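Hi everyone, thanks for making time this morning. Let's take a look at the model together.

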Amino acid sequence: MRNWSILFGLAALFSVAAFLYAPFAAEWWLPNPPGELHHSVSTLGREIDFLFLIILAITGLVFIGTQVVLVWGAYKFTDQLDQQGKPVRPATYSHGNHRLEVVWTLVPAAILVFIAVYQLGTWARIKYPSRAPKVPPLAEITARQFQWVVRYPGPDGRLNSPDDLILINDLHFVKNKQALIYLKSSDVLHSFFLPYMRVKQDAVPGLTIPVWFDSDRAGSFELACAELCGWGHYKMRGKVVVHETEAEFEKWASNRLAEQNRSQLGMASGAEGY
Amino acid sequence: MITRSRFIAALGLAGLLVTSVGCTDSLNAGPLVYVDNEALTHELKGKANLAGKPALQAKVRAALARLYGDSPNQIRVPEGSGFPRGGLTLANHRQIGEGESARIEPIQALLPNGSPDPAHRQAGGFALYRRNCLHCHGVSGAGDGPTATFLFPRPRDFRKGVYKFTSTPSGAKPHRDDLTRSIRDGLLGTSMPAFDALMSPSEIEQVVDYVMFLSMRGETELALIEEGSISDEKDADALGDDIVKEIATGVFEKWKSAQSQVMNPSTPRTASDRASVLRGRDLYLGRTKEKLECAGCHGALAKGDGPSFVPVDVFNMVVFGGDPSTRQERVDALDEKLRTLWNQKPDDWGNPLRPTNLNRGVFKGGRRPIDLFWRIAKGINGAQMPAHYPTLNEAQIWDLVNFVLALEHDPDLLASVPPAPAPRLAESGSTR
């Protein structure tokens with residue numbers, strides 16, 4: 001029966017190897033821009049990644065330690081029978097060890113308290129509405145089954161005014177600039193998830209929740225819904241575009257606004273066929 | 001001990017088998033087939049049908065298979081349907097040439113190393129439709145997919161070839177770009193999502209092709225049923241090749257001709273100043289010589305609660321107040337006045353209809369001024385919204401557009417005028 005301990009040992013080895021391999025493979029690691037496997041694009045994302053790595057290191061070390069003890073115990077104390085089929089080593093019973101129990105309760109408790117306290121600052125910087133950046137809002141995003149309605153304030157900078165730009169599933173902001181959005185839901189719970197910016201926030205019917213993020217890389221990213229919200233949940237994907245400069249963003253916004261204000265077609269279309 | 005390990009091994013093998021089989025067609029309940037139009041086999045009151053005419057039914061099925069292919073997996077694009085660009089990328093196959101002599105080859109996109117690319121097996125309009133659209137719009141485009149029952153408004157049945165949000169004249173087929181817009185931007189306020197972030201522009205074009213294909217197929221089927229309903233079951237020449245060809249050509253021509261009939265306002269939008277908005281308000285309230293009856297449906301406060309439709313709470317009770325399959329029972333339980341009103345106002349597909357609340361700034365067919373211009377000028381196909389051009393001239397329509405767009409941000413616009421003395425159905429309150 002010793003083979004079982006070897007099997008468990010191999011399983012543990014495979015798990016550890018997978019985690020050692022992960023930081024070198026884009027599909028296995030955290031969502032980061034191509035070519036920059038270890039660069040999180042957002043300021044708060046880097047803090048979150050750091051916390052994540054600390055927890056990964058702690059749990060990884062504990063995992064290795066417990067697996068070594070487990071496999072070694074299973075190997076060494078495997079059952080052995082003599083010629084009559086009786087155990088070579090009869091079982092003995094002990095009533096526990098008070099000191100050992102205190103130790104293995106206090107040490108994990110201390111680690112958990114450390115994790116709980118250490119992340120408080122990051123949590124506050126990400127989630128406390130009082131810590132929201134003092135910038136004009138980029139947009140109001142209303143989740144509904146099954147899309148994100150993105151309302152930009154338009155040229156006057158005020159939301160819910162006649163010059164608002166309203167787009168579906170299309171979030172644009174500027175590089176190296178704090179973006180603040182107000183998140184709403186018009187039906188059920190959704191969750192606003194920007195994997196590259198490490199932002200995940202539930203959209204709750206009846207609440208307006210400020211969410212903020214930034215990016216130090218321009219390019220296209222992804223928006224997803226992270227709360228199972230109905231049959232079309234998987235369709236709630238959005239485009240996220242980070243513009244290199246403010247001017248580029250303004251140009252895009254004014255083009256989209258011109259389209260939203262379109263009152264005539266540019267040219268005769270569809271002369272023949274489709 | 002031994003029995004248990006065998007059991008575990010069997011369990012593991014079963015799990016492996018299930019995951020390796022994955023999502024192939026072998027797990028479908030049956031082969032993927034087009035569903036017959038109900039009128040082909042059922043007696044429908046007031047509608048042409050072929051109930052009890054098996055020979056003609058068989059002829060319709062054979063004609064459809066010859067024109068459009070046997071099943072969704074074996075599509076044929078009929079000759080003369082005129083899909084010059086696109087349209088020929090079918091379900092994992094590519095059609096070379098047109099009509100019955102066309103050659104159909106599997107799509108074989110290759111990886112750099114020369115082996116077939118597994119990601120490209122699901123290519124073409126039908127493959128995309130199957131992944132993104134079928135669960136609402138159904139295999140035949142009848143708006144009868146498995147999720148359809150739970151939606152309001154119901155997903156569009158393509159087989160009538162009627163589309164609501166178009167840029168072509170009232171009653172005409174849509175322009176191709178109208179369909180592209182509906183898929184790309186979605187229909188806000190309905191369950192139709194925007195696919196801009198889910199499909200590339202060329203993929204959306206392929207889906208447009210396939211939707212048009214399903215429409216043409218459905219329209220041909222309906223026209224054949226109509227023709228068959230006045231033909232003699234025993235007449236060997238009934239629904240002959242010539243007639244089928246003529247009917248199909250008629251369907252294609254309607255689509256083709258609509259492509260050059262887009263209505264483009266000759267004057268740009270009037271500046272949205274207060275005077276224009278107030279002129280629009282007078283038009284809306286019927287205080288001009290045109291005597292428009294907008295408020296009759298959309299309500300004195302434009303909340304979508306005019307007296308020509310049942311009150312909102314009654315509507316909500318019938319449509320949302322229980323199991324969708326028992327809706328008729330809830331209609332039957334209404335008092336006679338409400339029931340009459342209810343039965344007068346379905347859409348062309350027989351589904352319940354509701355005038356839009358114009359205060360919310362949610363416009364299914366788009367919020368661009370030109371979209372609203374089209375809605376007012378040409379009405380909404382299949383719904384009760386009538387065309388107003390040329391009753392109204394373009395300037396008047398622009399005033400109305402400005403008024404409608406101003407409502408969202410100026411709730412007092414209508415509340416501040418005394419309600420027009422329109423005849424109200426005073427007793428038509430709720431049934432409970």
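Predicted model: local features only at pLDDT ≥ 70, side-chain atom pairs only at ≥ 80, totals over all residues.

Residues are numbered from 1 along each chain as written, chains are lettered from A and ligands numbered from 1 in written order, and side-chain values use heavy atoms, without hydrogens and water.

Let's start with the largest pocket, which has a volume of about 1400 Å³. On a 1 Å grid over the protein atoms alone, a pocket is an open set of points with protein on both sides within 12 Å along at least five of seven lines; a cavity is a set where a 1.4 Å probe fits but cannot get out; and lining residues have an atom within 4 Å of a point. Which residues lie nearest the centre of the largest pocket? They are A:Arg144, B:Gly189, B:Thr190, B:Arg360 and B:Val362, out of 48 lining residues. H11(B) gives the most to this lining, five residues.

The largest cavity holds about 550 Å³. Its lining has 29 residues, with B:His137, B:Arg156, B:Phe158, B:Leu187 and B:Met192 closest to the centre. H6(B) supplies the largest share of that lining, four residues.

B:Arg156 turns up again with a ring: its charged end sits over B:Trp349, 3.8 Å from the ring centre. The cut-offs for that are NZ of Lys or CZ of Arg within 6 Å of the ring centre and within 35 degrees of the ring normal. In chain A, A:Lys200 lies over the face of A:Phe193, at 4.4 Å from the ring centre.

Finally, ring pairs. Over all chains there are 22 aromatic pairs, meaning rings of Phe, Tyr and Trp (its six-membered ring) with centres within 6.5 Å; planes under 30 degrees apart are stacked, over 60 edge-to-face, and the rest tilted. A:Trp148 and A:Phe192 have centres 5.7 Å apart and planes at 85°, so this pair is edge-to-face. Both residues are buried, that is, under 20% relative accessible area with a 1.4 Å probe, protein chains only. B:Phe373 and B:Trp398 form a tilted pair, 4.7 Å centre to centre with 40° between the planes, and both are buried too.

Conventions
Points joined across faces, edges and corners; volume = space filled by probe spheres on them. Helix = DSSP H or I, 4+ residues; strand = E, 2+ residues; numbered from the N terminus. Buried < 20%, exposed > 50% of the residue type's maximum accessible area, 1.4 Å probe, protein only.
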